[in-house]
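The sequence and the structure come first, and the description follows.

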Amino acid sequence: MGRQFFIGGNFKMYVTSRASITEIIDNLNKAKIDENAEVVIAPPSLYLLLAREHLRKGIEVAAQNVFDKPNGAFTGEISAQQLKESGITWTLVGHSERRVILQEDDAFVASKTKAALDGGLGVILCCGESLEQREAGKTIEVVTNQLKAVADKVKDWSKIVIAYEPIWAIGTGKVATTEQAQEVHAAIREWLKKDVSSEAAEKTRILYGGSVTEKNSPELAKQADIDGFLVGGASLKPAFVDIINSNSA
Ligand SMILES: O=C(CO)COP(=O)(O)O
């Protein structure tokens with residue numbers, strides 16, 4: 001029943017021990033997960049292998065970041081090839097914490113997306129506006145410009161999942177209203193149709209991220225253009241399973 005829902009858990013740098021990541025994984029391994037839910041977790045890079053080795057089949061592992069070159073003298077970076085070879089099948093790209101704190105610009109995000117896809121990974125491509133940009137009425141413009149930078153370099157969007165994450169809603173407890181989220185998701189779909197292809201508009205999953213919890217997820221999941229969630233803080237808690245299953249709630 002229902003459409004295929006996609007739920008990502010972004011553990012950010014919250015998890016600080018093998019014991020705590022193991023506890024989260026054990027919890028997911030014994031959870032009853034809706035058959036229409038595709039689940040991907042993104043632990044800190046130090047725990048990617050531990051997660052891949054202990055997680056049950058059917059739940060995929062994502063890196064939180066990837067570099068845009070396949071190999072070479074790039075201290076501290078990890079390539080798509082290295083991830084793929086280690087059983088890591090997805091990566092986040094363009095998270096606002098990297099755009100803002102690490103100053104990654106649209107061109108670099110686009111270059112990483114291309115490198116990740118070329119290296120055989122699926123990409124959870126994050127976009128979203130700041131509070132100032134929203135208040136200035138620039139939300140759709142900002143978000144589509146972020147995506148356009150990728151579309152200039154990447155034609156095949158079949159392995160891209162878009163995550164709309166308004167910066168003002170991340171980690172703040174201020175979730176976007178269902179109307180606010182649906183409006184931007186619909187605009188993203190419209191943009192996909194115009195600038196990428198009708199097929200991409202039809203098939204690309206568009207996730208919402210920003211203070212998603214098991215309490216607000218069922219309402220958000222009902223919106224026509226919300227195809228899943230990218231969950232931060234709440235993905236570390238047992239109730240993450242309720243969020244995963246919220247499309248069938
Ligand atoms: O940034 C996010 C997921 O990538 C959202 O984080 P929170 O769910 O903690 O607000």
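In this predicted model, the cover over the buried residues of helix α1 includes α2 (48-54) and β3 (59-63). The buried residues of α1 are Ile21, Ile24, Ile25 and Leu28. These residues lie on the same side of α1, because they cover an arc of only 95° around the axis. On the face turned away from that buried side, α1 carries the exposed residues Ala19 and Asp26.

Just after α5, glycine 120 has a positive phi of about 95°.

| Helix | Residues | Number of residues | End-to-end C-alpha distance | Expected at 1.5 Å a residue |
|---|---|---|---|---|
| α1 | 18-29 | 12 residues | 16 Å | 16 Å |

For α1, the reach is close to the expected value.

In soluble globular proteins, nonpolar side chains tend to be buried together. Here the largest nonpolar core has 78 residues, and those that touch the most other members are Ala62, Ile124, Leu125, Ile162, Tyr164 and Leu207. Helix α8 (residues 178-196) gives the most to this core, with 6 residues. What does leucine 125 touch, leaving aside residues up to four places away in sequence? Its contacts are Val93, Gly94, Thr113, Val150, Ile160, Ile162 and Ala163.

Glycine 72 lies in the loop between β3 and α3 (80-85). Is glycine 72 buried or exposed? Glycine 72 has 8 other C-beta atoms within 10 Å; a residue counts as exposed with 12 or fewer, so glycine 72 is exposed. Leucine 50 is 22 residues from glycine 72 in sequence, and their C-alpha atoms are 25 Å apart in space.

The last topic is the ligand. There are 14 residues around the ligand, and Asn10, Ile170, Gly209, Gly232 and Gly233 come nearest. By type, the shell around the ligand divides into 5 nonpolar, 8 polar and 1 charged residue.

How values were computed: Residues numbered from 1 in each chain as written. Predicted model: local features only at pLDDT ≥ 70, side-chain atom pairs only at ≥ 80, totals over all residues. Near = placed C-beta within 6 Å. Nonpolar A, V, L, I, M, F, W, Y, C, P; charged D, E, K, R; others polar. Core = buried A, V, L, I, M, F, W, Y, C linked by C-beta atoms within 7 Å. Buried ≥ 20, exposed ≤ 12 C-beta atoms within 10 Å, placed from the backbone. Helix = DSSP H or I, 4+ residues; strand = E, 2+ residues; numbered from the N terminus. Contact = placed C-beta atoms within 7 Å. Expected span 1.5 Å × (residues − 1). Arc of directions from axis to C-beta.
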